[in-house]
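Hi,

Here is the model I promised to pass on.

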Amino acid sequence: MTASASAADNSSSLMEKIVALTKRRGFIFQSSELYGGINGAWDYGPMGVLLKRNVKDAWWRAMVHDREDVVGLDSAILMHPMVWKASGHVDGFSDPMIDCKTCKKRFRADDMDGAICGQKPSKSPLNCGLAQLTEPRNFNLMFETFLGPISDSSAKTFLRPETAQGIFANFANVISTTRVKVPFGIAQVGKSFRNEINPRNFTFRSREFEQMEMEFFCVPGTDDDWFKKWVEIRKRWYTELGLSDGKLRLREHDKLAHYSKATTDIEYLFPFGWGELEGIANRTDFDLRQHQRGIRTVGKWDGGDLSAVELAAEDEDYQKGKLSYFDDEKKQRYIPYVIEPAAGADRATLAFLCDAYAEDSAPDAKGNVETRVVLRLHPRLAPIKAAILPLMRKDGHPERARKIYDDLKRRFFVDYDESAAIGKRYRRQDEIGTPLCITVDYDTIKDGTVTVRDRDTMQQIRVSEDKLRDLIEEKLGM
Ligand code: GAP
C-alpha cells in the first residue's frame with residue numbers, strides 16, 4: 001500500500017469513528033432514520049443540540065453582544081419571490097448537471113472526475129462503458145414552495161438559500177428604527193435550504209443547514225480595509241475556540257461570484273480534506289442596488305414565471321434611492337458597500353467535533369490500560385460543563401451529590417449520573433467532552449470536599465464544595 005493510500009484509509013476510518021461517536025452519544029442522527037433516512041438532512045440529538053447552540057451563542061457573543069457596531073436580526077425564511085429575482089438567485093443560483101439516461105443518476109458537470117457510476121460504483125460515469133450522458137443543463141438549487149392553497153406561478157416562492165437577503169431586505173427598517181451609523185453590521189443566525197445535488201461528507205454539505213451571517217455596511221473606499229479586518233477577526237474566532245491553527249487556512253478566490261469584488265474562504269482540514277467553513281466577501285453595493293431595482297419591478301409583475309421577468313433598469317439617481325444612507329458627517333447620501341462574513345453553523349460544529357476527537361490511554365477499573373476516546377472541546381462549547389457523580393448509591397452520597405447538582409445547575413449546564421461504576425461514568429463524560437467530573441465520596445460527607453477530575457489530563461484534585469462555582473467559571477474563562 002502506498003503512503004498516500006494508507007493516509008486516505010486512516011482519514012476515512014477517523015471520519016467513520018467520529019460519525020459513530022456522534023451517533024452513539026446522541027450528537028447527530030440521520031433525519032427520518034426510522035423510515036430509512038433521507039439524504040442531506042440531519043437531526044441534532046440531546047448532546048448535539050447543546051453543542052451547536054454553544055457554537056451559535058459563541059458566534060452571537062463575538063459578532064453582536066461584544067460589539068457596539070453590530071445589531072441582530074431574525075428575518076423570515078419565506079420571503080417575497082421578487083427578492084430572489086433581484087438577488088440573482090432565480091437566474092443564477094444553479095449548478096450545471098449531467099444526467100445518465102442508463103442509470104438515471106445526476107452528476108455535477110464540474111465534478112465528473114469525482115462522480116461514481118450508478119451501475120458500476122467502482123467506476124466513473126466517464127468510463128463505465130454503459131453511460132448515456134446528456135449535455136450539461138442548469139439545475140436551480142432553490143427549494144420551491146407555494147404561499148397559500150393555489151399552486152400557480154404567482155404563489156410560488158422559495159425556501160431561502162441564504163440568510164443574507166433577509167438582512168438586505170431589512171436594511172431600511174434597521175436604519176430607521178435604531179441609532180446605527182455606517183460603518184455598522186446586521187447579523188443573523190438561521191436555517192437555509194439548498195437542493196444540493198450531491199449532499200456529502202456527513203453534515204458538511206446538507207440540503208437543510210444553518211448559517212451565521214453578518215452584513216457589514218461601510219463607506220465606499222473603506223471596504224478593502226474592512227475586508228482585511230474581517231478576515232482576521234473571523235479566523236481568530238475559530239482558533240480562540242480551540243481549532244488547531246495548523247488545520248486552518250485562508251483561500252483567496254481567483255474566480256469571483258457575480259456580486260463579489262474579493263472573497264477569501266476560511267478552510268479547515270477535515271479528515272476528508274480541506275473544506276470551506278466560512279466565506280468573507282466584499283459584496284460592494286451590489287445587493288442594495290439590486291433590491292432598489294427589485295422594488296421598481298414588483299408593481300409591474302403580473303405573477304408570471306419570474307425567470308422570464310426583466311428587472312427594471314437602475315434609476316439614474318440610484319445613490320439617493322430607498323436603500324441609500326444619509327451620512328450626517330459627510331452630508332451626503334450614498335449606497336454603502338458591504339463586507340459579508342458568512343459562516344455555517346453545521347460546518348463549524350463538525351470542525352469543532354473533528355478537531356476535538358482524540359484517543360489516548362487510561363487504566364480501567366482493574367488497572368488494565370485501555371484506549372480512551374475523548375472530545376477535547378473548548379469548555380465554552382462543551383455540551384455539559386461538569387458532571388456530578390456520587391461514588392456510591394448509598395451512605396448519603398446521592399443526596400449530597402444532588403444538592404451540589406441543584407446548586408450548580410442554576411448557573412451552568414451540568415449533569416447528574418449515578419448509573420454505573422465510576423470509571424464507566426468518567427468514560428461516558430470524556431466521550432461527550434465534559435471538562436470536569438465532580439465526585440462525591442466518603443470524605444465529602446466528613447469534610448465537605450469533592451474530587452474534581454480534569455477531562456484532558458485526568459488529574460484529580462480535592463476541592464471544597466463551596467469553591468466549585470469559581471472553579472467552573474475559571475475553566476469557562478468567565
Ligand atoms: N451569503 C453568502 C453565502 O451564503 P456561501 O459560501 O454559499 O455564502 C456560507 O455560504 C456558508 O454557509 C458556507 O461557508 C458554509 O459554511 C455554509 N454552507 C453553505 N452551503 C452549505 C451546505 N450545503 N451545507 C452546509 N453548510 C453550507
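Before the strands come up, a word on terms: two strands pair if DSSP finds at least two bridges between them. Helices (H or I, at least four residues) and strands (E, at least two) are DSSP runs, numbered from the N terminus. Bear in mind that this is a predicted model, where local features need pLDDT of at least 70, side-chain atom pairs count only at pLDDT 80 or more, and totals for chains, interfaces and linings use all residues. Residues are numbered from 1 along each chain as its sequence is written, and side-chain values use heavy atoms, with hydrogens and water left out.

Let's start with β4. This strand covers residues 94-99, and five of its six residues are buried (under 20% relative accessible area, with exposed meaning over 50% and partly exposed in between; 1.4 Å probe, protein chains only). That is why β4 is largely enclosed by the rest of the structure. Strand β6 (residues 137-140) runs antiparallel to β4, and four bridges join them; within that pairing, Ser 94 sits opposite Asn 140. Strand β5 (residues 106-108) also pairs with β4 in the antiparallel sense, over three bridges. There, Asp 99 has Arg 106 as its bridge partner. The β4-β5 hairpin has six residues between the strands, and Lys 104 takes a positive phi near 65 degrees in it.

Which residues come nearest to the ligand? Out of 20 around it (a heavy atom within 4 Å), they are Glu 162, Arg 194, Ser 206, Glu 213 and Glu 276. By class, the shell has six nonpolar, four polar and ten charged residues (Ala, Val, Leu, Ile, Met, Phe, Trp, Tyr, Cys and Pro count as nonpolar; Asp, Glu, Lys and Arg as charged; the others, Gly among them, as polar). β10 (208-218), β13 (273-284) and β16 (337-344) each put at least two residues into the shell, and β13 gives the largest share, with five.

For the atom pairs, a nitrogen atom of the ligand is 2.8 Å from a polar backbone atom of Ser 206. A ligand nitrogen atom also lies 2.9 Å from a polar side-chain atom of Glu 340, and a ligand oxygen atom is 3.0 Å from an N or O atom in the side chain of Gln 211. Taken alone, the ligand exposes 550 Å², and the protein buries 91% of that (Shrake-Rupley, 1.4 Å probe; for residues, only the protein chains shown count as cover).

Further along, Asp 441 is in the loop between β21 (436-440) and α12 (442-447). Is Asp 441 buried or exposed? At 12% relative accessibility, it counts as buried. Its side chain makes a polar contact of 2.8 Å with the side chain of Arg 462. Such a contact is a pair of N or O atoms within 3.5 Å; within protein, one must be able to donate a hydrogen and the other to accept it, and residues adjacent in sequence count only if both atoms are side-chain atoms. Setting aside neighbours within four places in sequence, Asp 441 is in contact (heavy atoms within 4.5 Å) with Leu 391, His 397, Thr 449, Thr 451 and Arg 462.

Lastly, some backbone details. Val 182 and Pro 183 are joined by a cis peptide bond, with omega about 5 degrees. Thr 284, in strand β13, has a positive phi near 50 degrees and is buried at 14%.

Cheers
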